[in-house]
Amino acid sequence: MESKKQTLAILLCIVLTTVRFGFAQEQECGAEPPEQYDAFMLKRVQSIIGKRALSGPVSLPVQHHVSRTSNGNSPAVSSSDIRDVMSELNATYAPMDISFYEYSPTRFIDNSSWNPSFNKSDDRQLARYEVAKAINIFYFTEVTSGSSTICGFAKFPGSGNRVILDASCSQNGSTSSHEIGHYFSVLHTHSTSNGRELVRRTNCGRAGDFFCDTPADPRLSSLVNSRCNYTGNATDSNGDRYQPDTHNVMSYTRKSCRDGGFTSQQQSAIIVSLESDRAYLLDTTNPPTACTNISNFPYSESFESGFGDWSNASGDDIDWTRDSGGTPSNGTGPSSGQNGSYYLYTEASTNVTPAGSPNKTALLNSPCFDLTTTSSASLAFGYHMLGTNMGTMEVLVSTNNGDSYSSIWSKNGNIGDTWNQATIDLTPYTGSVIKIRFKGTTGSSWRGDMAIDNIKITTTSTPDVCDGITSFPYRKSFEPDFGSWTQETSDNINWSLDSNTTPSSSTGPSAPTHGSNYIFTEASGNGTGYPNKVALLTSPCIDLSNQTDIELTFDYHMYGSNMGTLEIRVSTNDGNNWTTIWSQNGNKGNSWKSTTINLSSYSGSVVKLQLKGTTGSSYRSDMAIDNVNIISNSTDADLDIADNTDTDIFTPEKATIYPNPITSGLLNIKHSSISKSKGPARIIITDFLGKTIDLLDTNSKVTTYDTSSLSKGIYFITIDYNKDKITRKLVKK
């Protein structure tokens, strides 16, 4: 009898959990109509007589603005994400003969206070970034309203010219179209600002969303199942049950269900709004300055046949001049080109019109260079700066089609009668379309002719697919070997596998922290193992393109009186450049240490990790690493880590834990393969550092565990069953 009660209790818990979490509420829209909007919409609806149509197809300009950190890293969306948004908009608005095009290259907002999260309270600050004659779409990694996360919001007519999108929501196939609907005056189908619409629609023209061809909507949040069926049973004030449209793009149905587009009256309202409120979008005068895109690399220009795609800018004092054979002034300028006969130079003489000195600027603009599919890029050029009164030469870059520039290189003063070579890393601008500007500022007299020649841009393409680490959590404890991690050939020594003590006394660990192996650097041998010998081990590519909260954890051992330095490095361009994100040096004692590194700043990227060990001044500097884990707090909880294997990609099994995350109460641990005939399963609960918290034995497919004694944090639930171990991550809030 007691067993039946327990079974019923478990079943009840499962049912309640399914009801609570099976139809989890999705992020919603934060669009708010301005004051007196009801009167505006009443007047608009009265102006719509029958179905309105445009006189012909129109194409509307869209200006995309992408948030990045202050140093230009971690863009909220990629160029391919933007293409997906444009495809969605063009498909949704095609029935109205409305299409969309990119007004000018993507503009970037480099502000770490808005990346990774933008709060709606800062909305007014976006006005200064708006382009007047385009729909401005701003992308942020996360958008919040107060303490709540939202999918985005749009400015209704009369309140602004922008749409704000959460990066992940922009890719769900309907949110972009939904917010553009608000931009063109359309309210939510469940709007109640002027009263709630009745099911019989007797008040449809003055309540709800003001449209009579959209059924009354009780607000569909969490009330639509995966088959797009309405699951609620609410009634209106007359007692009539709602029968809402679960496919309308302006509803709060599931994002994946919003495939029904707009009704006839909604379309008419959008067209009227376009022709009146947003008529500036139809103004084709003063289009954005055309920019010739260069997308084939390597690129070179030596000005042998003219300026090519380069041009003198307006708004400066003097021009860059094409020349060969020496400038007119003695004691300044080159006598020939660096590559070929011709070069460009600034004439600093005062007896010319306009006068060339002092402190006169000359600006030379490049074409647009499309780096959206590259993982690394560099600019190289020759420069000549001879003259006793030489001024300053700068290289600047723009990511917004020349609206603003940032200086990335400069030289000043007399450098002598020789061509010098400069190389500038453009990797921070990969994923963007850029323009380059050479700025020459003359010195205090005519002896300040400076010149440039032989401009080259080289790139490395971004790999289309990461075939390395794509599932999380991921563990590497080097069982039985290095797997797909590779030893570099540009270093001095290798990382070695070991399971017991290292060959040298008074240094290195005596055992691993996980499994049978660890890796270490052998420092023995004066001139071979030490001093300052480097060992590099590189991971396969790690795909963080869909991750927003990612951490690297590992164990390290640095014991020895002459210990060197251990570094963790990361590359976002397939190993072309590396950045150190963690380091330790010196003797840490004869014990394993653990550390955690937050990798969230690399969300949206494909990266590689590198372990760099640099030995110390003697053989007593063996350092070791073990139990490398990459844990995503943004992936679903039903991804596995299999403790009985050490592969690079873990395969999901039929095991679940729910609810997850959990705040308190009972956790359900389910494995569909468990049966009494095969014996009990062992459930092991460990904390983030691997300490065992509890052990359970069970024959049931569903086991409940009281989490009230667990502190807030990350735990791992391992199901050990028939020699198969499956581990799930649990988040206790």
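Trainee: Are cysteine 228 and cysteine 257 buried or exposed?

Mentor: This is a predicted model, in which local features need pLDDT of at least 70, side-chain atom pairs count only at pLDDT 80 or more, and totals for chains, interfaces and linings use all residues. Residues are numbered from 1 along each chain as its sequence is written, and side-chain values use heavy atoms, leaving out hydrogens and water. Buried means under 20% relative accessible area, exposed over 50% and partly exposed in between (1.4 Å probe, protein chains only). Cysteine 228 and cysteine 257 are both buried.

Trainee: What is the handedness of the disulfide that joins cysteine 228 to cysteine 257?

Mentor: A disulfide is a pair of cysteine sulfur atoms within 2.5 Å, and the sulfur atoms of cysteine 228 and cysteine 257 are 2.1 Å apart. The torsion about their S-S bond is about -95 degrees, so the disulfide is left-handed.

Trainee: Which class of accessibility does cysteine 212 fall into?

Mentor: Cysteine 212 forms a disulfide with cysteine 204, S to S 1.8 Å. Cysteine 204, at 7% relative accessibility, counts as buried. Cysteine 212 has 29% relative accessibility and therefore counts as partly exposed.

Trainee: To which cysteine is cysteine 151 joined by a disulfide?

Mentor: The torsion about the S-S bond is about -65 degrees, so this disulfide is left-handed. The sulfur atoms are 1.9 Å apart, and the partner of cysteine 151 is cysteine 169.
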